[in-house]
Amino acid sequence: MHIVIMGCGRVGSTLAHILEDSGHSVAIIDRDPQAFRRLRAGFRGRRVTGIGFDRDVLTEAGIESAAAYVAVSSGDNSNIISARVARETFGVDNVVARIYDPRRAEVYQRLGIPTVATVRWTADQIMRRILPEGAEPLWRDPTGTVILAEVTAHSDWIGTRVVDLESRVRTRVAFINRMGEALTITDDSVVQEGDVLHVIAAENDMDRVNKVLAAAPEEEE
């Protein structure tokens, strides 16, 4: 499929190369023609000089046949405006905008523009590496209300069916990491020694989930 990218910085150029290597056609837009020097010599996609929310520029980049639009320039406003033009003017359903301000990201997400809040994401990644497991979520939805987090269960949970654990803990297990391999949950899945559970929960409920799983399961009445 054809994909249009606005911003030929490190992220945009990397995306362009990955997408082209995956067999997609790519057009990349940047107002600075020197930015295209980040593209490898063999890049076959279109290089379009201009502003990413200019309709003529987008048309030159092939927006009318694009299956997706990605805005990853250095400006929050430019990214959001261009993403809205791609969606509302040219009817591209699959759009993503990079936003540095996480507060703005939440607002635009509610308006239906999928965003990547780079500051929040980077901070989370760093925290996960310097603090113990479970200290920071692996993923947080843009509103900040739902998270995916790693949880190590008490040894007494070993042998418990995951569906029973979910019922007793009142949470959802998205998948299990077992000896470095990610396993999806089935009706027959059972907690084994060394398993790391990846739990989806409301952020304000995560302390309770951690506390329950860190202790031996209570006897059922």
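Two strands are said to pair if DSSP finds at least two bridges between them. In this predicted model, strand E8 (residues 146-151) and strand E11 (residues 196-202) are joined by six bridges and run antiparallel. Within this pair, Ile147 stands opposite Ala201 in E11.

The two strands belong to an open sheet of five strands, with the order E7-E8-E11-E9-E10 and antiparallel pairing. Strands E7 (139-140) and E10 (181-184) each have a single partner strand, so one side of each is left without a neighbour in the sheet.

| Helix | Strands | Angle |
|---|---|---|
| H6 | lies across E9 (172-178) and E11 | about 135° to E9 |
| H7 (residues 206-214) | touches E8 and E11 | about 150° with E11 |

Helix H6 (residues 162-169) contains Glu166. Is Glu166 buried or exposed? Its relative accessibility is 11%, and because buried means under 20%, Glu166 counts as buried. Apart from residues up to four places away in sequence, Glu166 touches Thr171, Arg172 and Val173.

His154 is located in the loop between E8 and H6. With a relative accessible area of 26%, His154 is partly exposed. The side chain of His154 reaches the backbone nitrogen of Asp156 at 3.0 Å. Leaving aside neighbours within four places in sequence, His154 is in contact with Leu213, Ala214, Ala215 and Ala216. The C-alpha atoms of His154 and Gly62 are separated by 55 Å, and these residues are 92 residues apart along the chain.

Key. Residues are numbered from 1 along each chain as its sequence is written. This is a predicted model: local features need pLDDT of at least 70, side-chain atom pairs count only at pLDDT 80 or more; totals for chains, interfaces and linings use all residues. Side-chain values use heavy atoms; hydrogens and water are left out. Helices (H or I, at least four residues) and strands (E, at least two) are DSSP runs, numbered from the N terminus. Buried means under 20% relative accessible area, exposed over 50%, partly exposed in between (1.4 Å probe, protein chains only). Contact means heavy atoms within 4.5 Å. Axes are lines fitted to C-alpha atoms, for helices over the stretch in contact, and angles run from 0 to 180 degrees between N-to-C directions. A polar contact is a pair of N or O atoms within 3.5 Å; within protein, one must be able to donate a hydrogen and the other to accept it, and residues adjacent in sequence count only if both atoms are side-chain atoms.
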